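Here is a short note for a colleague who is opening this entry for the first time. Please have the viewer at hand while you read.

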Amino acid sequence: AVGSDLIRATLFPGDGIGPEIAESVKQVFRSAEVPIEWEEHYVGQEIDPRTQSFLTWESLESVRQNGVGLKGPMATPIGKGHRSLNLTLRKELNLYANVRPCYSLPGYKTRYDDVNLITIRENTEGEYSGLEHQVVRGVVESLKIITRQASLRVAEYAFHYAKTHGRDRVSAIHKANIMQKTDGLFLKCCREVAEKYPEIKYEEVVIDNCCMMLVKNPALFDVLVMPNLYGDIISDLCAGLVGGLGLTPSCNIGEGGIALAEAVHGSAPDIAGKNLANPTALLLSAVTMLHHLKLHDKADRIHDAIVNTIAEGKYRTADLGGTSSTTDFTKAICDHL
Ligand code: NAD
């Protein structure tokens with residue numbers, strides 16, 4: 001914290017549309033008089049000239065010190081032979097759970113009106129361990145790592161989340177009938193944690209069946225917890241249920257209570273710099289950050305202003321079928337505040 005009433009938070013505007021939508025967040029926060037002071041750092045596709053690296057110690061340290069941050073999209077330079085910055089951030093900050101609230105936005109019509117679920121994705125291992133190699137020519141191998149420690153940690157987070165957010169069911173998503181050892185261990189850990197939360201219902205759903213159930217009737221689910229790759233896919237599927245990537249927020253939870261909120265979409269190079277991007281996903285991510293800071297009043301006010309602006313229909317960006325610019329849409333949200 002800075003001073004007596006300002007909370008310091010890290011802001012990584014990122015690449016492409018990142019700076020435009022980050023500006024929108026700053027403006028909305030100013031209008032809502034959110035007691036946050038942003039500590040802005042650039043992390044993205046440009047190399048830091050002083051260190052010749054993509055990610056500096058200062059940027060990481062800023063998140064570690066502040067404990068909270070907001071991250072715009074970062075472009076991953078293709079073919080330069082380095083790991084995605086998102087993966088590096090996750091590893092360096094030990095961001096072990098990716099939490100995505102996924103709910104129907106009142107006023108924006110999609111196939112379903114009653115989606116209200118949370119996906120919680122294990123973020124550090126599984127198929128994303130980066131252990132791939134060629135065995136002999138024509139045969140490659142990729143290692144999926146599941147550890148008891150990481151599985152217990154994410155399961156614990158999921159049950160704790162359910163309990164503290166008034167949700168009554170956790171579904172573990174798996175393919176343990178085939179991946180008997182890896183997903184088997186993941187489930188075993190979920191069961192162990194479930195025993196500590198008798199008030200929360202616990203169920204296990206095979207991933208293929210889960211996909212079918214989600215598209216048929218998403219209201220069947222409440223909190224879903226799963227290994228890394230399944231989480232990647234299922235969370236995008238869920239984003240599709242409520243209107244797409246322009247609307248979906250997320251938050252990464254790390255060791256020691258770090259929370260780094262981020263929109264799930266990329267840097268949208270096709271519309272970057274044109275004042276066309278929809279800032280909703282980053283704004284709603286910022287709202288999850290405010291909830292994390294227990295600034296629930298501010299979070300609710302901003303959330304309602306966003307929902308009302310979209311519902312009113314006068315100002316919408318092109319991805320939602322409107323003609324508004326990023327700045328006009330942002331101004332409309334500020335007016336609703
Ligand atoms: P993308 O999400 O950037 O774009 C996909 C499509 O969605 C584009 O047509 C884009 O215009 C549109 N779109 C995305 N966000 C939007 C918004 N807020 N408002 C309106 N339209 C929006 O995905 P991509 O094109 O596959 O990736 C582009 C770059 O982003 C790549 O370098 C990729 O590595 C990076 N990326 C970063 C993240 C992240 O930082 N979390 C996530 C995904 C992709």
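Predicted model: local features only at pLDDT ≥ 70, side-chain atom pairs only at ≥ 80, totals over all residues.

The points below go from the whole chain to single residues.

1. Next, the overall build. The chain holds 10 helices and 12 strands. Its radius of gyration is 20 Å, close to the 20 Å that the globule rule gives for 337 residues, so the chain is as compact as a globular protein of that length. The C-alpha trace spans about 55 × 50 × 45 Å along its principal axes.

2. Burial and contacts come next. Of the 337 residues, 45% count as buried. Take the contacts between residues at least 6 apart in sequence: 74% of them join residues at least 24 apart.

3. Now the ligand. Which residues come nearest to it? They are Ala 75, Thr 76, His 265, Gly 266 and Asn 278, out of 20 residues around the ligand. The shell divides into 10 nonpolar, seven polar and three charged residues.

4. Look at strand E11, residues 249-254. Six of its six residues are buried, so the strand is largely enclosed by the rest of the structure. Both faces are covered. Pro 249, Cys 251 and Ile 253 lie on one side, and Ser 250, Asn 252 and Gly 254 on the other.

5. What does E11 pair with? Strand E4, residues 95-103, is joined to E11 by four bridges, and the two run antiparallel. Here Ala 97 stands opposite Ile 253 of E11. Strand E12, residues 259-263, is joined to E11 by five bridges, again antiparallel. In that pairing, Asn 252 has Leu 260 of E12 as its bridge partner.

6. Check the turn as well. The hairpin of E11 and E12 has four residues between the strands. Gly 256, in this hairpin, takes a positive phi near 75°.

7. Finally, Leu 290. This residue is found in helix H8, residues 280-292. Is Leu 290 buried or exposed? A residue counts as buried if 20 or more other C-beta atoms lie within 10 Å of its own. Leu 290 has 25 within 10 Å, so it is buried. Leaving aside neighbours within four places in sequence, Leu 290 is in contact with Val 34, Leu 295, Lys 298 and Ala 299. Pro 101 is 189 residues from Leu 290 along the chain, and their C-alpha atoms are separated by 14 Å.

Key: Residues numbered from 1 in each chain as written. Rg over C-alpha atoms; globule rule 2.2 N^0.38 Å. Buried ≥ 20, exposed ≤ 12 C-beta atoms within 10 Å, placed from the backbone. Contact = placed C-beta atoms within 7 Å. Near = placed C-beta within 6 Å. Nonpolar A, V, L, I, M, F, W, Y, C, P; charged D, E, K, R; others polar. Pairing = 2+ DSSP bridges.
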